[in-house]
Amino acid sequence: MSALVLRIKFPPTYPLIYKTLRVDAQFTVNEAVKYIAQTVNVSQLLVGTEGLFVPDEKRWLEDDKPLKEFPSLQDVVCI
């Protein structure tokens, strides 16, 4: 298993501000969002419009692509 270490910043409506997690690089963006939500116990707050945004690139990641296909995530500081 190849994993990425991501620092996740949550929206203001979530009970967390930041969390650093190891996420399987094989996960699609949608799978990663669900995994992150389950890991930090906020899956009940998901409404289906969540995604991963890379602030340094000012872009949303495509939901159906695996995380390993985003070279910038190898060195990401915050998503």
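The lining of the largest pocket has 15 nonpolar, 2 polar and 2 charged residues, where Ala, Val, Leu, Ile, Met, Phe, Trp, Tyr, Cys and Pro count as nonpolar, Asp, Glu, Lys and Arg as charged, and the others, Gly among them, as polar. The model is predicted, so local features need pLDDT of at least 70 and side-chain atom pairs pLDDT 80 or more, while totals for chains, interfaces and linings use all residues. Residues are numbered from 1 along each chain as its sequence is written, and side-chain values use heavy atoms, without hydrogens and water.

The space in this pocket is about 410 Å³. A pocket is an open set of points on a 1 Å grid over the protein atoms alone where a 1.4 Å probe fits, with protein on both sides within 12 Å along at least five of seven lines; lining residues have an atom within 4 Å of a point. Among its 19 lining residues, Lys 9, Phe 10, Pro 11, Glu 50 and Gly 51 are the closest to the centre. Both β1 (3–9) and α1 (29–39) give two or more residues to the lining, and α1 gives the most, with 3 residues. Helices (H or I, at least four residues) and strands (E, at least two) are DSSP runs, numbered from the N terminus.

| State | Residues of α1 |
|---|---|
| Buried (under 20% relative accessible area, 1.4 Å probe, protein chains only) | Val 29, Ala 32, Val 33, Ile 36, Ala 37 |
| Exposed (over 50%) | Lys 34, Gln 38 |

β1 and β2 (18–24) are included in what covers the buried residues, with contact meaning heavy atoms within 4.5 Å.

Notes
Points joined across faces, edges and corners; volume = space filled by probe spheres on them.
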